[in-house]
Amino acid sequence: MIALPDGWEAEALDWHPGLTVLHAPNKAGMVTLDYTQRVFRGGLCTCGQPTSTEAYGGRGWAEKLERDAVAWLSAVLAA
C-alpha cells in the first residue's frame with residue numbers, strides 16, 4: 001500500500017478478499033480498490049462498472065492503481 005495522504009485510512013474487507021476501501025478524512029468519501037480485477041470503483045462497491053478506465057498491468061500496477069484511486073477521489077472531493 002502506498003503512503004496515503006494525511007487523514008486517509010485503508011480498510012481491507014475481510015468478507016471480500018482482494019478488496020480494500022480507502023476512506024478520505026472524516027469519511028467524506030471512499031473508493032474501493034479491487035486487486036483481483038485490477039480496477040477501482042467510487043464508493044463502497046464490490047461489483048459493477050469500474051470507475052477506472054486504465055488497464056493496470058506490469059511492474060508496479062498495484063501502486064499505480066492506488067495512486068490513481070487517491071487522485072480520483074481527491075478530485076471528486078475538490079469539485
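Modeller: Buried means under 20% relative accessible area, exposed over 50%, and partly exposed in between (1.4 Å probe, protein chains only). The model is predicted, so local features need pLDDT of at least 70, side-chain atom pairs need 80 or more, and totals for chains, interfaces and linings use all residues. Numbering starts at 1 along each chain, and side-chain values use heavy atoms, without hydrogens or water.

Take Thr32. Its relative accessible area is 1%, so Thr32 is buried. Thr32 sits in strand E3 (strands are DSSP runs of E, at least two residues; helices are runs of H or I, at least four; both are numbered from the N terminus).

What does Thr32 touch, leaving out residues up to four places away in sequence? Its contacts (heavy atoms within 4.5 Å) include Leu19, Thr20 and Val21. Val39, Phe40 and Arg41 are also among them. At Cys45, the backbone nitrogen is 3.1 Å from a polar atom of the Thr32 side chain. Ala79 is another matter: 47 residues from Thr32 in sequence, and 20 Å away between C-alpha atoms.

Now the sheet. Four strands form an open sheet in the order E1-E2-E3-E4, paired antiparallel (pairing takes at least two DSSP bridges between two strands). Strand E3 (residues 30-34) runs antiparallel to strand E2 (residues 19-23), with five bridges joining the two. There, Leu19 has Asp34 as its bridge partner in E3. On the E1 side, four bridges pair E1 with E2, again antiparallel. Ala12 stands opposite Thr20 of E2. E1 and E2 make a hairpin with six residues between them. Gly18, in that turn, has a positive phi of about 95°.

Searching the whole structure gives four salt bridges. Another of them joins the side chains of Glu9 and Lys27, 3.4 Å from N to O. Glu9 is in strand E1 and Lys27 in the loop between E2 and E3, so this pair ties together parts 18 residues apart in sequence. Glu9 is partly exposed, at 43% relative accessibility. Lys27 is partly exposed too, at 48%.

Terms used. A polar contact is a pair of N or O atoms within 3.5 Å; within protein, one must be able to donate a hydrogen and the other to accept it, and residues adjacent in sequence count only if both atoms are side-chain atoms.
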